[in-house]
Amino acid sequence: MALASMDVQSASEGFNEFVDNSYEGHMENRFLYVAGNTVSFRTSYDATIPANTWHVGSVSFPVATV
């Protein structure tokens, strides 16, 4: 699921785990993922994320000149 787009282009993919207030288990399998100019929420399993769930995290990635 796409969360945001950016005014920069990533030179390669980037990902990192993050925290949230969801009651779902498997925290180690949820990631912020960057590819191109899009930041996405990714899981390695089928998950239903409840409404009003907050997410906090960061991801570092190299950028390319556009």
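Reply: R30 has T43 as its bridge partner in strand 6. Strands here are DSSP E runs of at least two residues, numbered from the N terminus. Strand 5 and strand 6 (residues 38-43) are antiparallel, joined over six bridges. Two strands count as paired if DSSP finds at least two bridges between them. The model is predicted: local features need pLDDT of at least 70, side-chain atom pairs count only at pLDDT 80 or more, and totals for chains, interfaces and linings use all residues. Residues are numbered from 1 along each chain as its sequence is written, and side-chain values use heavy atoms, without hydrogens or water.

The hairpin of strand 5 and strand 6 has two residues between the strands. There, G36 takes a positive phi near 65°. Strand 5 (residues 30-35) also pairs with strand 3 (residues 14-17), again antiparallel, over four bridges. In that pairing, F15 bridges to Y33 of strand 5.

Now the packing. The largest nonpolar core has seven residues: M6, F18, L32, V34, V39, F41 and V59. Such a core is a set of buried Ala, Val, Leu, Ile, Met, Phe, Trp, Tyr and Cys residues joined through side-chain atoms within 4.5 Å. Buried means under 20% relative accessible area, exposed over 50%, partly exposed in between (1.4 Å probe, protein chains only). Strand 5 and strand 6 each supply at least two residues of this core. Beyond four places in sequence, F41 touches M1, L3, F18, R30, F31, I49 and H55; contact means heavy atoms within 4.5 Å.
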